[in-house]
Structures are given as structure tokens and as C-alpha cells.
Amino acid sequence: MLVHAERIRFTQEKKDWQDYELIKEIFEDKGKKAGALTIKMILENKYFVTMNHKKIRRLMHKFNHKATIRQPKATHEQTT
């Protein structure tokens, strides 16, 4: 039973690495300006690969890639 689980984990890790290489190529090409949704659109339009944005975020987090996109700050007027 344990050997079977290890085999499944190994194949999943292998798939993750292949998907990560595509994500890394897009991420470096865009100059760290690409977030998960931008990468998702580029994968679908340029590479014809369908990948869930949650998986893209998981792989970006796993391999320490962060987009340098400015996030809006909440102001005092927005909090009621």
C-alpha cells in the first residue's frame, strides 16, 4: 500500500515540475509582472494548455514565485 502511494506521489511531483516549467517560462518572460490569472490566460492562448488558476497559484507558492503587482490598500472610507 505504501509503495503504491509513493508511486502516485512521484508521478504527481513529476507532473507538477512539468507544469511549473511552463509557468516559470511565462513568469520570467513577463518580468515578474504576471499573476496567476495572467499566466492562465497566456497558457490557454499561446500554449493551448488548460490549467486551473488554483493549481497555478499552488505551484507559484510551492516554488516561491510572487508577482510584483501593486495591490490596492483599503482606506478608512472603505471600512464601515
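Residues are numbered from 1 along each chain as its sequence is written, and side-chain values use heavy atoms, with hydrogens and water left out. Because the model is predicted, local features require pLDDT of at least 70 and side-chain atom pairs are counted only at pLDDT 80 or more, whereas totals for chains, interfaces and linings use all residues.

The protein chain contains three helices and zero strands, where helices (H or I, at least four residues) and strands (E, at least two) are DSSP runs numbered from the N terminus. In sequence order the pattern of the protein chain is α-α-α. Of the 80 residues in the protein chain, 21% are buried, the term buried denoting under 20% relative accessible area, exposed over 50%, and partly exposed the range in between (1.4 Å probe, protein chains only). Among contacts with a separation of 6 or more, 58% involve residues 24 or more positions apart, a contact being defined by heavy atoms within 4.5 Å.

Two packed helices are described by the angle between their axes and the distance between the axes. Here the axes are lines fitted to C-alpha atoms, for helices over the stretch in contact, and angles run from 0 to 180 degrees between N-to-C directions. Helices α1 and α2 pack at an angle of about 110°, with their axes 10 Å apart, and are therefore roughly perpendicular to each other; in this scheme, angles under 35 degrees count as roughly parallel, over 145 as roughly antiparallel, 65 to 115 as roughly perpendicular and the rest as oblique. Leu-22, Ile-23, Ile-26 and Phe-27 of α1 make this contact with Ile-39, Ile-42 and Leu-43 of α2. By class, the residues of the contact of α1 with α2 comprise seven nonpolar, no polar and no charged, with Ala, Val, Leu, Ile, Met, Phe, Trp, Tyr, Cys and Pro counted as nonpolar, Asp, Glu, Lys and Arg as charged, and the others, Gly among them, as polar.

Within helix α2, which spans residues 36-46, lies Ile-42. When neighbours within four places in sequence are set aside, Ile-42 is in contact with Ile-26, Lys-30 and Tyr-47. The C-alpha atoms of Ile-42 and Ile-23 are separated by 9.5 Å, the two residues being 19 residues apart along the chain.

Helix α1 (residues 2-29) also packs with helix α3 (residues 53-62), in this case at an angle of about 90° and with the axes 10 Å apart, which means that α1 is roughly perpendicular to α3. On the α1 side, the residues that meet α3 are Gln-12, Glu-13, Asp-16, Asp-19, Tyr-20, Ile-23 and Phe-27, while α3 contributes Lys-55, Ile-56, Arg-58, Leu-59, Met-60 and Lys-62. The contact of α1 with α3 has six nonpolar, one polar and six charged residues.

Side chains of opposite charge can pair when their charged atoms come close. With a salt bridge taken as a side-chain nitrogen of Lys or Arg within 4 Å of a carboxyl oxygen of Asp or Glu, the count comes to five salt bridges. One of them joins the side chains of Asp-16 and Arg-58 (3.1 Å, N to O); since Asp-16 lies in helix α1 and Arg-58 in helix α3, the pair ties together parts that are 42 residues apart in sequence. Asp-16 also forms a salt bridge with Lys-62, the closest N and O atoms being 3.4 Å apart, and this pair links Asp-16 in helix α1 to Lys-62 in helix α3, 46 residues apart. Asp-16 is buried, with a relative accessible area of 2%, whereas Arg-58 is partly exposed at 37% relative accessibility and Lys-62 is partly exposed at 35%. Glu-13, Asp-16, Arg-58 and Lys-62 are linked in a network of salt bridges.

A further salt bridge joins the side chains of Glu-44 and Lys-40 (2.6 Å, N to O). Both residues lie in helix α2, four residues apart, about one turn of the helix. Glu-44 is partly exposed, with a relative accessible area of 31%, and Lys-40 is likewise partly exposed, at 22%.

His-65 is placed in the segment after α3 and is buried, with a relative accessible area of 16%. Not counting residues up to four places away in sequence, His-65 touches Tyr-20, Lys-24, Phe-27 and Met-60. The side chains of His-65 and Tyr-20 are joined by a polar contact of 2.8 Å, that is, a pair of N or O atoms within 3.5 Å, of which, within protein, one must be able to donate a hydrogen and the other to accept it, residues adjacent in sequence counting only if both atoms are side-chain atoms.
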